[in-house]
Amino acid sequence: DLPPPPAPVPDSAAAVAAVPEQYQIPATVGDGGATAAPTTEEAAAALAKAEKKKKKNKKKDAAISEFEIPERLQPLPSDTDAERKKKTRAIKALKSKHREKTKEVETAQKQRSWQDFVSGGKKKKKR
């Protein structure tokens, strides 16, 4: 009849230790080497910045790298027919997305190249 008790709040040291290193904010050195704990706004900003950087790198890697089948989708001899079909469909979908992203990158590069050529051509013809 009573609602369940609230979950215990972890202490701040354990919570910070649980956050991956790439998302942790370096401690600021202020007065004589004392470190200040980051505010929630700073932590959120750092997390957003790290995620944005990660997405940028991911986009660059997707354009450069070839498609690789993830380990979880590798067909195993112990898989049932249904599992194999499911994995095959997932692989096809991933390949399609990869092909689409590659085409987008190539199109953007061609477009940028053409725009550079056109804008550069007008400057050179001036006499």
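Being three residues apart in helix 3, Trp114 and Phe117 are separated by about one helical turn, where helices (H or I, at least four residues) and strands (E, at least two) are DSSP runs numbered from the N terminus. The model is predicted, so that local features need pLDDT of at least 70 and side-chain atom pairs count only at pLDDT 80 or more, while totals for chains, interfaces and linings use all residues. Residues are numbered from 1 along each chain as its sequence is written, and side-chain values use heavy atoms, with hydrogens and water left out.

**The aromatic pair and the nonpolar patch**

- The structure holds one aromatic pair, a term for rings of Phe, Tyr and Trp (its six-membered ring) whose centres lie within 6.5 Å, with planes under 30 degrees apart counted as stacked, over 60 as edge-to-face and the rest as tilted.
- The rings of Trp114 and Phe117 have their centres 5.5 Å apart and their planes at 35°, so this pair is tilted.
- Trp114 is exposed, with a relative accessible area of 55%, and Phe117 is likewise exposed, with a relative accessible area of 54%; here buried means under 20% relative accessible area, exposed over 50%, and partly exposed in between (1.4 Å probe, protein chains only).
- Together with Val118, Trp114 and Phe117 form a nonpolar patch on the surface, with about 340 Å² of accessible area together.
- Patches are made of residues with over 30% relative accessible area and no salt bridge, with like charges joined within 9 Å and nonpolar side chains (Val, Leu, Ile, Met, Phe, Trp, Tyr) within 5 Å.
- Accessible areas come from the Shrake-Rupley method with a 1.4 Å probe, and for residues only the protein chains shown count as cover.

**The salt bridge between Asp79 and Lys87**

- A search of the whole structure finds one salt bridge, defined as a side-chain nitrogen of Lys or Arg within 4 Å of a carboxyl oxygen of Asp or Glu.
- The partners are Asp79 and Lys87, whose side chains meet at 2.8 Å, N to O.
- Asp79 is found in the loop between helix 2 (40-64) and helix 3 (81-125), whereas Lys87 is found in helix 3.
- Both partners are buried, Asp79 with a relative accessible area of 11% and Lys87 with a relative accessible area of 15%.
- Not counting residues up to four places away in sequence, Asp79 touches Gln74, Arg84 and Lys87, where contact means heavy atoms within 4.5 Å.
- Lys87, leaving aside its neighbours within four places in sequence, is in contact with Arg72, Leu73, Gln74, Pro75, Leu76 and Asp79.

**Side-chain contacts to backbone nitrogens**

- A polar atom of the side chain of Asp79 lies 3.0 Å from the backbone nitrogen of Leu76.
- A polar atom of the side chain of Glu83 lies 3.0 Å from the backbone nitrogen of Thr80.
- A polar contact is a pair of N or O atoms within 3.5 Å; within protein, one must be able to donate a hydrogen and the other to accept it, and residues adjacent in sequence count only if both atoms are side-chain atoms.

**Other residues of helix 3**

- Glu83 lies in helix 3 and, at 39% relative accessibility, counts as partly exposed; Glu83 and Leu73 are ten residues apart in sequence and 9.6 Å apart in space, C-alpha to C-alpha.
- Lys85, also found in helix 3, is exposed, with a relative accessible area of 55%, and the C-alpha atoms of Lys85 and Pro75, ten residues apart along the chain, are separated by 9.4 Å.
- Arg89 lies in helix 3 and is exposed, with a relative accessible area of 56%; Arg89 and Leu73 are 16 residues apart in sequence and 9.8 Å apart in space, C-alpha to C-alpha.

**The protein as a whole**

- The protein has three helices and two strands, and from the N terminus on these elements run α-β-β-α-α.
- Of the 127 residues of the protein, 6% count as buried, and Asp79 and Lys87 are both buried residues.
- The accessible surface of the protein comes to about 12000 Å², of which 57% belongs to carbon and sulfur atoms.
- Among contacts between residues at least 6 apart in sequence, 43% join residues at least 24 apart.
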